[in-house]
Amino acid sequence: MNAFIDLTAGSLGGVATVFAGQPLDTVKVKQQAFPNLYPSMWRCFVQTFRADGIRGLYAGTLPAIAANVAENSVLFCFYGIVQSNLMAALTVSHVHDLTPTQNALCGSIAAISSSLTLCPTELIKCKLQAMREVAAMKKEKPAFSGPWPLIKHILRTEGPRGMFRGLVGTFYREVPGYFFFFLGYEFARERMKHEGQSKDDIGPGKTCIAGGFAGACLWAAIFPTDVVKSRSQLADGKSLPFFATLVSIYRQEGLRALYNGVTPAILRTIPATAALFVTVEYSKKFMKSLGVGS
């Protein structure tokens, strides 16, 4: 039943994350894919709003919710499972006895499973977010009005394998990224608790701060891999392998191109991951207070 609690809490946290940060996620993806068109975050935000309105900033929200629910439900479920197994291996009695580094390792291992659920949904999200710009480059009208026609097109033209374009980049981003994510979260909680106080009792304000810090740690550590993943998922036809794409971007556009969109990513992640962890922690407490899992 603890796995059910973690799964449910992760799902709720995923929804909270999207509503807190979707407009800046759209800006991030556009800057990564079209650095010459959008050299600054503000210019990208304004041009998208002028061309497509508020709806354009929330493009891909449905697949974004699907992506975040899929990722965070599986992530937190497997995070709890890996923690339990590590506790048994170390013969410790409570999760609070694990160090921040040990929790980070659990998060990194859990991210292997969540990557498999995240990749297809994030592929659709990225394509919808950048659809207008891709169509303009081809001097065409946007080909798809929503996620379902796009999914059908990918399955018809590329087969099921096409839904996992960018999977290698997702692994390279998620596995090390979630090590730093959970390391930052647990480190911040340890530093903010009072002597004799449990990390779970630091309150929603400090949980928000720890969550925002965790998100900043993740993106600061792995942002270039996210640029490569976005480029691979938005490529026409067959994309280059991960490292070939990385080298190509660096040689043709310079190091700065690997950090296009980092500002909206960091600005987005602070409220988004704050909302994620507050929702996860307090929904778990609420379910346990109802006797779920006992």
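Modeller: Let's start with a term: a cavity is a set of grid points where a 1.4 Å probe fits but cannot get out. Keep in mind that we are looking at a predicted model.

Colleague: Fine. How many cavities of 30 Å³ or more does the structure hold?

Modeller: Rolling a probe the size of a water molecule over the atoms shows where empty space is left. Here the structure holds two cavities at that cut-off.

Colleague: How much space lies in the largest cavity?

Modeller: About 330 Å³. Its lining takes in 25 residues, and the closest to the centre are Asn 68, Glu 71, Tyr 178, Trp 219 and Arg 268.

Colleague: Which elements give two or more residues to that lining?

Modeller: Helices 1, 3, 4, 7, 8 and 10 do. With six residues, helix 1 gives the most to the lining of the largest cavity.

Colleague: And how does the lining of the largest cavity split by class?

Modeller: You get nine nonpolar, eight polar and eight charged residues.

Colleague: What about the second largest cavity: what volume does it have?

Modeller: The second largest cavity comes to about 30 Å³. Around it sit Arg 189, Lys 199, Asp 200, Ile 202, Thr 207, Glu 281, Tyr 282 and Lys 285. Helix 10 supplies the largest share of that lining, three residues. By class, the lining of the second largest cavity has five charged, two nonpolar and one polar.

Colleague: On to helix packing. At what angle do the axes of helix 7 and helix 8 cross?

Modeller: Look at the distance between axes first, then the angle. Helix 7 (residues 167–192) and helix 8 (residues 204–234) have axes that come within 7 Å and cross at roughly 160 degrees. Angles over 145 degrees count as roughly antiparallel, so helix 7 is roughly antiparallel to helix 8. Their crossing is right-handed. The contact between helix 7 and helix 8 has 18 nonpolar, eight polar and five charged residues.

Colleague: How do helix 3 and helix 4 pack, parallel or antiparallel?

Modeller: Helix 3 (61–90) and helix 4 (100–129) pack at about 165 degrees, with their axes 7 Å apart. These two helices are therefore roughly antiparallel to each other. The crossing of helix 3 and helix 4 is right-handed. In their contact, the residues divide into 19 nonpolar, eight polar and three charged.

Colleague: And what is the orientation of helix 1 to helix 2?

Modeller: The axes of helix 1 and helix 2 (residues 41–57) come within 10 Å and cross at roughly 120 degrees. That makes helix 1 oblique to helix 2. Helix 1 passes helix 2 in a right-handed crossing.

Colleague: Last topic, the aromatic rings. How many aromatic pairs does the count come to?

Modeller: The count comes to 17 aromatic pairs. To read one, take the distance between ring centres, then the angle between planes.

Colleague: Where do Phe 76 and Phe 182 lie?

Modeller: Phe 76 is in helix 3 and Phe 182 is in helix 7, so the pair ties together parts that are 106 residues apart in sequence.

Notes:
Residues numbered from 1 in each chain as written. Predicted model: local features only at pLDDT ≥ 70, side-chain atom pairs only at ≥ 80, totals over all residues. Heavy atoms only, no water. Axes fitted to C-alpha atoms, helices over the stretch in contact; angles between N-to-C directions. Helix = DSSP H or I, 4+ residues; strand = E, 2+ residues; numbered from the N terminus. Parallel < 35°, antiparallel > 145°, perpendicular 65-115°, else oblique. Left-handed = near helix turned anticlockwise from the far one by under 90°. Nonpolar A, V, L, I, M, F, W, Y, C, P; charged D, E, K, R; others polar. 1 Å grid on protein atoms, 1.4 Å probe; cavity = no way out; pocket = protein on both sides within 12 Å on 5 of 7 lines; lining within 4 Å. Points joined across faces, edges and corners; volume = space filled by probe spheres on them. Phe/Tyr/Trp six-rings, centres within 6.5 Å; stacked < 30°, edge-to-face > 60°.
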